[in-house]
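Dear colleague,

Please find the structure below for your use.

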Amino acid sequence: MVVLLVASSVCALSLGTPYVPPHRLAGAVLDGDSTLAGIVVTELRVPRLVLALVAGACLGAAGLVLQEALRNPLAVPEMLGVSSGAALGVAAPLVLTLSLPAAVQPLLAIGGAALGGGLTLLAAGLGRSPSAVLLTGAAVAAALQAALLVLMVMADQLDLQLIYRYLLGSLSARTWDDIAGLWPWLLVAVPALVLCAPVLSVMRLGDEDAEALGVRAHRARLAALAIAVVLIAPVTAVCGPVAWVGFLAPHLARWFNPEAGAVRWLPWSAAWGAVVVTVADVPARLALAPVETPAGAWTALLGVPAGVALMRSARTGRGRSAPTAGEAPHGPRTAASGATDEAPRAAAPNDARREDAGAGGTRPSPSRPVGTEDVR
């Protein structure tokens, strides 16, 4: 993870027009506005890199919160109406030509995300069944995306291009002012995540066991959705819904540390989310230069196959680690084992008698004569 993060960060700051060699990056940052390289690095590339790191960390943490709260590895913001609702809240004023200040956009995104998530929980019966929440969320997300398509039909050509690039998730033309609007929401979300992580570990046991341990599962699920909304909506307001980061980052965290719990997976999921967005933004900026492609297209293109492969490898690993029926825990017996092979045979009548007793009474098993052949 560290190697990927360092390599992608150096590529994000060095590659492009103008090209800045890695050993001159520090000098370009210190030069500031005095040279062209300094202006490009400090005013364009560094804010874009910081936004990629922050957005990826927020999406990765939100994905883990949703998956653990719903106990479903397929629970992602895109399938619960959260990302679609946030995008709808930001795109609607643009199409309807409402002049609103930039500081209001995070509030609109939070309102849309809360609307999508609230509709999902209400339609699923306030989150009583995790599977019902996921299926209902997919339906709500489809309805919100249909509303976005209606808005795109109403938009003119210039607004249509802006909305299209925004809906795919783009980090281009972002400045320090865009990043400054994220910090107030992070100050609210980070303490909430710290308090939420132990509750997520309890909710993995199921609603009944969580209730027995003093956790109200319905309220905890609502709180988890609220935290996910606070994490996702401000990022969506700035750079659009960057797809499938919340799906891939938690699976990477679990794959590299499968024996841990939600408390340890949460920071690793945030870190992997930052790595995924940073790595995806490099080809998004350079693959078809001078034309930039949305980063969300690359995260979806690479994230879905990688996530499916991680899920299959995790399932295969669990299947191989479990002993099969009829196989001894310490390995198979061989024909030349001698006395060790006779011990289970000697215990077989007693085992059969116990099994018969559990089935419906005590029945003596037929005795087996022991002779020279058996000893041999």
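Setting aside neighbours within four places in sequence, Asn72 is in contact with Gln67 and Leu134, where contact means heavy atoms within 4.5 Å. Please note that this is a predicted model, in which local features need pLDDT of at least 70 and side-chain atom pairs count only at pLDDT 80 or more, while totals for chains, interfaces and linings use all residues. Residues are numbered from 1 along each chain as its sequence is written, and side-chain values use heavy atoms, with hydrogens and water left out.

Asn72 belongs to the loop that runs between helix 3 (36–70) and helix 4 (82–95); helices (H or I, at least four residues) and strands (E, at least two) are DSSP runs, numbered from the N terminus. Asn72 counts as buried because its relative accessibility is 18%; buried means under 20% relative accessible area, exposed over 50%, and partly exposed in between, with a 1.4 Å probe and protein chains only. A polar atom of the Asn72 side chain lies 2.9 Å from the backbone nitrogen of Leu74.

Arg71 is found in the loop between helix 3 and helix 4 as well. Its phi is near 55°, a positive value in a residue other than glycine. With a relative accessibility of 34%, Arg71 counts as partly exposed.

**The chain as a whole**

The chain has 16 helices and 0 strands. Of its 376 residues, 43% count as buried. Among contacts with a separation of 6 or more, 73% are between residues 24 or more positions apart. The chain exposes about 19600 Å², of which carbon and sulfur atoms supply 68%; accessible areas come from the Shrake-Rupley method with a 1.4 Å probe, and for residues only the protein chains shown count as cover.

The mean pLDDT of the chain is 79, and 81% of the residues reach 70 or more; pLDDT is the predictor's confidence in each residue, from 0 to 100. Over residues 321–376 the pLDDT is below 50, and this stretch has 17 contacts in the model beyond near neighbours in sequence.

**Packing of helix 4 and helix 7**

Helix 4 packs with helix 7 (residues 157–168) at an angle of about 170°, and their axes are 11 Å apart. Axes are lines fitted to C-alpha atoms, for helices over the stretch in contact, and angles run from 0 to 180 degrees between N-to-C directions. The two helices are therefore roughly antiparallel to each other; angles under 35 degrees count as roughly parallel, over 145 as roughly antiparallel, 65 to 115 as roughly perpendicular and the rest as oblique. On the helix 4 side, Ala86, Ala87, Val90, Leu94 and Val95 meet Asp159, Leu162, Ile163, Tyr166 and Leu167 of helix 7.

**Ser172**

Ser172 lies in the loop between helix 7 and helix 8 (176–180), and is buried, with a relative accessible area of 15%. Not counting residues up to four places away in sequence, Ser172 touches Arg48, Arg165 and Glu292. Ser172 and Glu292 are 120 residues apart along the chain, yet 7.8 Å separates their C-alpha atoms. The side chains of Ser172 and Ser170 are joined by a polar contact of 3.0 Å. A polar contact is a pair of N or O atoms within 3.5 Å; within protein, one must be able to donate a hydrogen and the other to accept it, and residues adjacent in sequence count only if both atoms are side-chain atoms.

**Backbone geometry elsewhere**

Thr17 and Pro18 are joined by a cis peptide bond with omega of about 5°, and Pro18 lies in the loop between helix 1 (2–14) and helix 2 (25–31). The peptide bond from Ala289 to Pro290 is also cis, with omega near 10°; Pro290 is placed in the loop between helix 13 (262–286) and helix 14 (295–321).

Trp244, in the loop between helix 11 (217–239) and helix 12 (245–256), has a positive phi of about 65° although it is not a glycine. At 24% relative accessibility, Trp244 counts as partly exposed.

With kind regards
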